[in-house]
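Please walk through this model with the coordinates open. Follow the helices, then the rings, then the cores.

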Amino acid sequence: MHWYFVAVLLTVLTSSQGILTTLSQSNGKYKYDYATIPFLAEVFKLAVSSFFLWRECKKSPLPKMTTEWRTVILYPIPSIIYLIHNNVQFATLTYVDTSTYQIMGNLKIVTTGILFRLFLGRKLSNLQWMAIMLLAVGTTTSQVRGCGEASCDSLFSAPIQGYMLGVLSACLSALAGIYTEFLMKKNNDSLYWQNIQLYTFGTIFNMARLALDDFRGGFENGPWWQRIFNGYTITTWMVVLNLGSTGLLVSWLMKHADNIVKLFLGIIICMMSLHMYFAPSNMLLDMPVTVKPDEEREKLIEVSVDRRTHS
């Protein structure tokens, strides 16, 4: 039952990422260095995972922690994928609006099914493939605006770079999720120990990216650690917490469930919300029927007369 709650919360956080990222912009531009967002999110995830591993180590027996280099060397790979994906996501939203980004993101549903088969060796039946395709088509259809709401010419009016980055973002998201699931289920190590390895490399790579940006810019604005919070607002911090919390929940779900479950729980939530929106109010809330005093008195008289007649 716990993973149902985690999947629902993850769906809410994931669907709000694009909205929060767009809200953090000012006049269509980022006033902050968006490369600092993934870095701070990795630091947040590393701190949370270290705290929970510390709590596990205080209990008996101690959690299992594999330290062989053949296992540890696999953890930089998803960190690199997530590094690229997070930065591609920010770049995509500078070209397209949130709705278009969400529509293109549905490509990861099909991509996840393909990678699910290639990496984890799990064969999907024809019926399961049909279900995945219907899920992708259904979610995309629900997000496309009709010509009555906006000009048909404006539906695909974003620059070609935006669409290319959006497709790349969806593919990277699916690849990162499947590979993370592969690592999480490779052995019985503590989830928090596995997270620490993931997020340590993630922090290092994001830090290297910030240093590389400074080097390319000739340190014109000073080193990154002196201006890391420049331009930050409450919305920007919400993006950091959203990204960090999403990563923690993904790792938990990959350890105890799988990527396909995450995708289908998302559509179940959408179906429930549609039912609540279109259902009559008396189906959602049993409203008591109010009876006026005069009507109630008349009904009592009719009942008493009826009883006398029968007697």
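What follows is a short tour of a predicted model.

Start with helix H2, residues 36-57. It has 22 residues. At 1.5 Å a residue, H2 should span 32 Å. Its end C-alpha atoms lie 31 Å apart, which agrees with that expectation. The buried residues of H2 are Thr36, Ile37, Pro38, Phe39, Leu40, Ala41, Glu42, Lys45, Ser49 and Leu53. An α-helix has 3.6 residues a turn, so residues three or four places apart point the same way. Among the buried residues of H2 are Lys45, Ser49 and Leu53. What do the buried residues of H2 pack against? Their partners are helix H4 (76-92), helix H9 (191-216) and helix H10 (234-256).

Move on to H4. Its 17 residues should span 24 Å at 1.5 Å a residue. H4 is mostly covered, with 13 of its 17 residues buried. Ile80 sits in this helix. Is Ile80 buried or partly exposed? Its relative accessibility is 37%, so Ile80 counts as partly exposed. The C-alpha atom of Ile80 is 7.1 Å from that of Gly202, although 122 residues separate the two along the chain.

Now look at the rings. The model holds 15 aromatic pairs. One of them joins Tyr34 and Phe90. Their ring centres are 5.5 Å apart and their planes meet at 5 degrees. Stacking needs an angle under 30 degrees, so this pair is stacked. Tyr34 lies in the loop between helix H1 (2-23) and H2, while Phe90 belongs to helix H4. The pair therefore ties together parts that are 56 residues apart in sequence. Tyr34 is partly exposed, because its relative accessibility is 24%. Phe90 has a relative accessible area of 2%, so it is buried.

A second pair joins Phe51 and Phe52. This one is edge-to-face, with 70 degrees between the planes and 5.4 Å from centre to centre. Phe51 counts as partly exposed at 41% relative accessibility. Phe52 is also partly exposed, at 32%.

Turn next to the nonpolar cores. The largest has 21 residues. Which of its members touch the most others? They are Tyr32, Ile37, Phe39, Leu40, Phe90 and Tyr232. H2, helix H5 (98-105) and H10 each supply at least two residues of this core. The largest share, 4 residues, comes from H2. Phe39 shows how far along the chain such contacts reach: leaving aside neighbours within four places in sequence, it touches Thr203, Asn206, Met207, Leu210, Trp224 and Ile228. There is also a second, separate core of 17 residues. Val6, Tyr75, Tyr199 and Leu249 are included in it.

Finish with the cysteines. A disulfide is a covalent bond between the sulfur atoms of two cysteines. How many disulfides does the model contain? The count is 0. Cys57 is partly exposed, with a relative accessible area of 33%. Cys171 counts as partly exposed too, at 30% relative accessibility.

Note on methods: Residues are numbered from 1 along each chain as its sequence is written. This is a predicted model: local features need pLDDT of at least 70, side-chain atom pairs count only at pLDDT 80 or more; totals for chains, interfaces and linings use all residues. Side-chain values use heavy atoms; hydrogens and water are left out. The expected span of a helix is 1.5 Å times one less than its number of residues. Buried means under 20% relative accessible area, exposed over 50%, partly exposed in between (1.4 Å probe, protein chains only). Contact means heavy atoms within 4.5 Å. A disulfide is a pair of cysteine sulfur atoms within 2.5 Å. Rings of Phe, Tyr and Trp (its six-membered ring) pair if their centres lie within 6.5 Å; planes under 30 degrees apart count as stacked, over 60 as edge-to-face and the rest as tilted. A nonpolar core is a set of buried Ala, Val, Leu, Ile, Met, Phe, Trp, Tyr and Cys residues joined through side-chain atoms within 4.5 Å.
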